[in-house]
Amino acid sequence: MGLVTAASWTIAALAGAYLLLSWLPRGRQRRDARRAKVTRFPGALVVGHPALAVAAFACWAGGLLTGSRALTWTAFGALAVAALLGFAMSTRWLGTGRHGNAVRGFPALAVALHGLAGVATFTLLLLAAGAF
């Protein structure tokens, strides 16, 4: 189960990195243009989501290497918070559709892939932590 979780996490991370790199120029333009608030993501949200996911991955890897159940559950907790932040960004992104062309050109397929891989990773980590 560890390899499947790692593969799922890798897919989510790669799609997330692509989304972040795609968002950075758009986020700067939106901030400069002072568009509707719903089209902008707070910096803490944009930084917190991947930072917590990376911290969760580090805890999970540490739990696998040391056999620590506490690290595995810490990884699950950190990933749960990262998932909530990701859900917040997703709902904000979906809500921008009513504010004109704010989402035009943003990679919707990458958003879907990242979300699906994230849900799969969350589920697999829960199963792995429970079986640990």
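Let's start with Leu 20: with a relative accessibility of 33%, it counts as partly exposed. Keep in mind that we are looking at a predicted model. Leu 20 sits in helix H1, which covers residues 2-33. Now look across to Pro 50. In sequence, Leu 20 and Pro 50 are 30 residues apart, yet in space their C-alpha atoms are 9.1 Å apart.

Next, the inside. Which residues make up the largest nonpolar core? There are 10 of them: Leu 19, Trp 23, Phe 41, Leu 45, Val 46, Met 89, Trp 93, Phe 106, Ala 110 and Val 111. Two or more of these residues come from each of H1, helix H2 (43-66), helix H3 (69-95) and helix H4 (108-131). Apart from this core lies another one, with nine residues, including Ala 75, Ala 78, Leu 79 and Leu 125.

Let's zoom in on Ala 110. Leaving aside residues up to four places away in sequence, Ala 110 touches Ala 15, Tyr 18 and Leu 19. Ala 110 is also one of the buried residues of H4, together with Val 111, Ala 117, Thr 121, Leu 124, Leu 125, Ala 128 and Ala 129.

Now for the rings. How many aromatic pairs does the structure hold? Five. In one of them, Trp 73 and Phe 76, the ring centres are 5.7 Å apart and the planes stand at 85°, so we call the pair edge-to-face. Trp 73 and Phe 76 are three residues apart in helix H3, which means about one helical turn separates them. Here is the general idea: an α-helix has 3.6 residues a turn, so residues three or four places apart point the same way.

Are these two buried or partly exposed? Trp 73, at 34% relative accessibility, counts as partly exposed, while Phe 76, at 14%, counts as buried.

Phe 76 has another partner, Phe 122, and that pair is tilted, with 4.9 Å from centre to centre and 35° between the planes. This pair links distant parts of the chain, because Phe 76 belongs to helix H3 and Phe 122 to helix H4, 46 residues apart. At 26% relative accessibility, Phe 122 counts as partly exposed.

And one last stop for your own exploring: Trp 9, Phe 57 and Trp 60 are linked by ring pairs into a cluster.

Conventions:
Residues numbered from 1 in each chain as written. Predicted model: local features only at pLDDT ≥ 70, side-chain atom pairs only at ≥ 80, totals over all residues. Heavy atoms only, no water. Helix = DSSP H or I, 4+ residues; strand = E, 2+ residues; numbered from the N terminus. Buried < 20%, exposed > 50% of the residue type's maximum accessible area, 1.4 Å probe, protein only. Core = buried A, V, L, I, M, F, W, Y, C linked by side-chain atoms within 4.5 Å. Contact = heavy atoms within 4.5 Å. Phe/Tyr/Trp six-rings, centres within 6.5 Å; stacked < 30°, edge-to-face > 60°.
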